[in-house]
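These are my notebook entries on one chain. I record what I looked up and how each term was defined.

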Amino acid sequence: MSHRSLTTALTLYRGETLTLEEAATYSGVSPTKFAAALRSRGIQVRDEDSPPVNRTAN
């Protein structure tokens, strides 16, 4: 992963051009690592990119 590709992917994600998965692929990291990079920079992970919540009552 290069710094430039990560910076570009962060910008494209923030501008809603790429999804989390697309931006992660672009930057050469896993979606989990990319989400951590977003959070560390104060960029919120969009709801549609969050893992689904199990809403089944136990």
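The entries below go from the whole chain to its core and then to one helix.

Basis. I worked from a predicted model, in which local features need pLDDT of at least 70, side-chain atom pairs count only at pLDDT 80 or more, and totals for chains, interfaces and linings use all residues. Residues are numbered from 1 along each chain as its sequence is written, and side-chain values use heavy atoms, with hydrogens and water left out.

Overall. I found 3 helices and 0 strands, taken as DSSP runs (helices H or I, at least four residues; strands E, at least two) numbered from the N terminus. The order of elements from the N terminus is α-α-α. Of the 58 residues, 33% count as buried, that is, under 20% relative accessible area, with exposed meaning over 50% and partly exposed in between (1.4 Å probe, protein chains only).

Core. I looked up the largest nonpolar core, which has 15 residues; such a core is a set of buried Ala, Val, Leu, Ile, Met, Phe, Trp, Tyr and Cys residues joined through side-chain atoms within 4.5 Å. Those with the most contacts inside it include Leu10, Leu20 and Phe34. Helix 1 (3–14), helix 2 (20–27) and helix 3 (31–40) each supply at least two residues of this core.

Helix 2. I noted Leu20, Ala23, Ala24 and Ser27 as buried. They lie on the same side of helix 2 because they cover an arc of only 100 degrees around the axis, taken from the directions from the helix axis to the C-beta atoms. Glu21 and Thr25, on the other side, are exposed. Gly28 follows helix 2 and has a positive phi, near 85 degrees.
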